[in-house]
Amino acid sequence: MSQTITSKPSFLASRVGGLPRTFWVLWSGSLLNRLGTMVEPFIGVYLTQARGYSLAVAGMVMAVFGAGALLSQPIGGWLADRVGRRATLTGGMLASAAGMLALGYSTSLPGIVAAMFVVGLALDAYRPASQALVADIVSSADRPRAYGLLFWAINMGFAVSMTAGGFLAQSGILWLFWINAVASTAFGVLVWLAVPETRTTAATQRGGFGHVLRDRLMVVFVLLSLGYTMLYSQAFSTLPLAMLGSGLTTAQYGVAMAINGLLIVIVQPIINPWLARRDPSLVLATGMAVVGVGFALHAFMSTMTGYLIAIVIWTAGEVVTAGIAGAIVATLAPPHLRGRYMGLYGFAWSGSALIAPLLGTWLLSIGPVVLWLTMGSLGVLAAAGQLAIAPAVRRRAGPALADPADRHTGVEPITQARTPGGAGLG
C-alpha cells in the first residue's frame, strides 16, 4: 500500500510562496516608492533653511500638509471603489510626483502652501487602493502574511531612504524632490502597465461611506486603532524631545530608531507566517499591549541603555501587529466597499498624525512620567477593546470562504460581493 508523503514547505516558500504575481508587482512598486520617499522627513529643514521661513510659518505650512493627509484616506478609499484600484494608485502617484516638483521649485508662500496641500493629499492616497487590491487578489488565509510583507517592504525602503536622504540633503535638498518624484512616477507607471483592475464591477452593488459608518464593528475597530496610533505616533514626535530632555542627543535618537528599523527588517519576515496562522484579533491585541508596556517603560528611563530596552520591547509589539489590522479590515469589508473601509482605517493614522503631537507635547509639558504612563495605558486599553470585539470579528470572518478572493489564485476581476455588515457588532 502506497503512502503519500507531504513535505513541509521550505523556509523561503513558507514566507513568500503562494502569493499571486500581481501582489509581487505591488510589493516591488511599494518598495521602490519608499526607497525614493525622502522629502517628508526634511520638510521642516527645507522650509526653514532653503526658503528661510520662521518656525511658526513652517509649522503652519506643515499643518496644511497634515490637513491634506487627513483627507487623503477617505478620498483615496472612495476613488478606489468608484474609479478602481489601478487608476487610483497610478493617479495618486503621478499627482504626488507633480506636487513634489511644484513644492521644490516654489518660491512664494502661497505657492508653497498650495503645493504642500497637494502633496499631503496625494502622497498616501494610494494606500486604501493598495490594501483593497491585496484583499481582492489574496485569499483570507494568506492576507496577514501578504500585508506583513508589504509592511516589511515599506520599512526597508524607508530605512534606506532616510540614510540616503540625509547625505543627499547636504548636496542640495532639491535632489530629494526629484528622487521622490521619479520614484512616485515609476510606481505609478508600473501599476498602470502590470496591474489589472480588480474592483467589483457588479452594477447592482451600491453603498458609500454611510454604509461603512453604520457598521458599528468597523467604527469600534477604527476608534481602537486611533487609540493605538496616538500611542505609536509618539515615537516620532515626543520621544526625541523626551530623550533630549534626559540629556541625550539627536544622534542617539537616530541610532535608537535605526535599531527599531533593523529589528523590524530582521525579525518580522521570520515570525510573520507563524503569526498569520493565529487568530488576528488576539495577535493584534497582544501586539498593542506589548507596545503599550514598552512605551510606559520610557517613564522610568533616563539613559541610552534604558531607552533602548524600552524601544526593543515596543518594537517587538510593533512587529507582532504588522499586517494584522489590514487583514481584519479586509475581513470586515464587503468586496465592493473595500476601498472605503481601508480609507476609514487609514483615517485613524492620518488623524493621529495631527492630534498625537498636540496631545503628546501637552502631556510632556506636565511631565514625562505622565506622558508615558498615559500613552502606555492607551495601548493596554486598545488591546482590551480588541479582545472584547474579537468574537464579533470571528463571526464576521465566518463567511470568508464565500469571499471571491478565496476562489481565485490569479487576478481575474471580482464580480460578486457580500452585503455590508449590519448595524450590530456581529
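A polar contact, as I use it here, is a pair of N or O atoms within 3.5 Å; within protein, one must be able to donate a hydrogen and the other to accept it, and residues adjacent in sequence count only if both atoms are side-chain atoms.

**Ground rules.** I'm on a predicted model, so local features need pLDDT of at least 70, side-chain atom pairs count only at pLDDT 80 or more, and totals for chains, interfaces and linings use all residues. Residues are numbered from 1 along each chain as its sequence is written, and side-chain values use heavy atoms, with hydrogens and water left out.

**Whole chain.** I got 18 helices and zero strands; helices (H or I, at least four residues) and strands (E, at least two) are DSSP runs, numbered from the N terminus. Of the 426 residues, 50% are buried, where buried means under 20% relative accessible area with a 1.4 Å probe, protein chains only. Contact means heavy atoms within 4.5 Å. Taking contacts with a separation of 6 or more, 85% join residues 24 or more positions apart.

**D136.** I found D136 in helix α7, residues 126-137. Is D136 buried or exposed? D136 is buried, because its relative accessible area is 4%. Its side chain makes a polar contact of 2.8 Å with the side chain of R338.

**α13 on α15.** Next I looked at α13 (residues 250-276) against α15 (residues 304-321): the angle is about 30° and the axes are 8 Å apart. That makes the two helices roughly parallel, since angles under 35 degrees count that way. Axes are lines fitted to C-alpha atoms, for helices over the stretch in contact, and angles run from 0 to 180 degrees between N-to-C directions. The crossing is right-handed, meaning that the near helix is turned clockwise from the far one by less than a right angle. The contact residues divide into 16 nonpolar, four polar and one charged. Here Ala, Val, Leu, Ile, Met, Phe, Trp, Tyr, Cys and Pro count as nonpolar, Asp, Glu, Lys and Arg as charged, and the others, Gly among them, as polar.

**N260.** This residue of α13 counts as buried because its relative accessibility is 6%. Leaving out residues up to four places away in sequence, N260 touches I311, W314, T315 and E318.

**α11 on α17.** Which way do α11 and α17 cross, left-handed or right-handed? The crossing of α11 and α17 is right-handed. I have α11 (residues 216-232) and α17 (residues 338-366) crossing at roughly 35°, with axes within 8 Å. By class, their contact has 15 nonpolar, three polar and no charged residues.

Terms used. Parallel < 35°, antiparallel > 145°, perpendicular 65-115°, else oblique.
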